[in-house]
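My entries are below the structure.

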Amino acid sequence: MTLQTIDIPDSIKDLPHAREAAGLIDLANDRIETFMLANDRVTENFVPCDFHLLDQSLTWITQNNLLTGRRFCEFGSGFGVATLLAAVQQMDSVGIEIDSDLVDQSIDLCHAVGSTESVDLTANFYCGSFIPRNTHGILELAKDMEHVDTHQGDVYQEIGLALEDFDLFFAFPWPGEHHFFEAVFQAGAATNALLLTYRGRDGMHLIRKT
Ligand SMILES: C[S@@+](CC[C@H](N)C(=O)[O-])C[C@H]1O[C@@H](n2cnc3c(N)ncnc32)[C@H](O)[C@@H]1O
């Protein structure tokens, strides 16, 4: 099994946003700012990604028929925005987040978007770890990850789906930690599944398991 890089062109920055996606991003950014200001103890591992670029990447992936199916999973879903943007793009979306306050915020955001944008989103959020417990060697590898929590159990049984059931994964790893997310993806995802990661200044990075 190898990981094949798929180049995402810079021109995606010209892609328009659907009205619902633009509304979701504005609402989410306002709520994240308020939440961060009000909470001294926001998880130190939470930093939101560039949601506009993410929405454009999802649009580009869909328009270029790169998906093998419509199941989406976000590793470490934070405020749930990527999971909800994928749901706006008609994907069956799952967000996995270790911090219960952030899971609560994601569920509230989902309800708020559903009512303000009048959209019915297929998105579910689970509190726990995205690291599959039964994968040989993965917990050992995780020990070197400063910003990935390794203490809680995974939630795949609760979701009722395994890693191999998803078609597209998204994660925003901290600098230097993307190899761990790729290792989880390589170990558990189905052949032809995609992993999209946000790499800060380096933008979006897309790989396929072949
Ligand atoms: C850099 S933030 C990215 C949040 C979101 N994906 C985004 O792009 O806005 C990483 C998130 O991963 C969560 N996290 C860390 N370890 C985790 C684990 N083992 N399972 C699930 N979530 C985890 C953190 O709590 C944090 O919210």
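The notes start with the model, then take the ligand and the rings.

I am working with a predicted model, where local features need pLDDT of at least 70, side-chain atom pairs count only at pLDDT 80 or more, and totals for chains, interfaces and linings use all residues. Residues are numbered from 1 along each chain as its sequence is written, and side-chain values use heavy atoms, with hydrogens and water left out.

Ligand shell. I found 25 residues around the ligand, the closest being Glu74, Gly76, Glu97, Ser129 and Asp149 (near means a heavy atom within 4 Å). I sorted the shell by class into 14 nonpolar, eight polar and three charged residues, with Gly counted as polar.

Polar contacts (N or O pairs within 3.5 Å). I looked up ligand nitrogen atoms: one lies 2.7 Å from a polar side-chain atom of Glu74. For Ser129, a side-chain N or O atom is 3.1 Å from a ligand nitrogen.

Aromatic pairs (ring centres within 6.5 Å; planes under 30 degrees apart are stacked, over 60 edge-to-face, the rest tilted). I noted 11 pairs. Phe35 and Phe79 are edge-to-face, 5.5 Å centre to centre with 70° between the planes. Phe35 is in helix α1 (residues 19-38) and Phe79 in the loop between β2 (71-75) and α3 (81-88), so the pair ties together parts 44 residues apart in sequence. Helices (H or I, at least four residues) and strands (E, at least two) are DSSP runs.

Technical notes: A polar contact is a pair of N or O atoms within 3.5 Å; within protein, one must be able to donate a hydrogen and the other to accept it, and residues adjacent in sequence count only if both atoms are side-chain atoms. Rings of Phe, Tyr and Trp (its six-membered ring) pair if their centres lie within 6.5 Å; planes under 30 degrees apart count as stacked, over 60 as edge-to-face and the rest as tilted.
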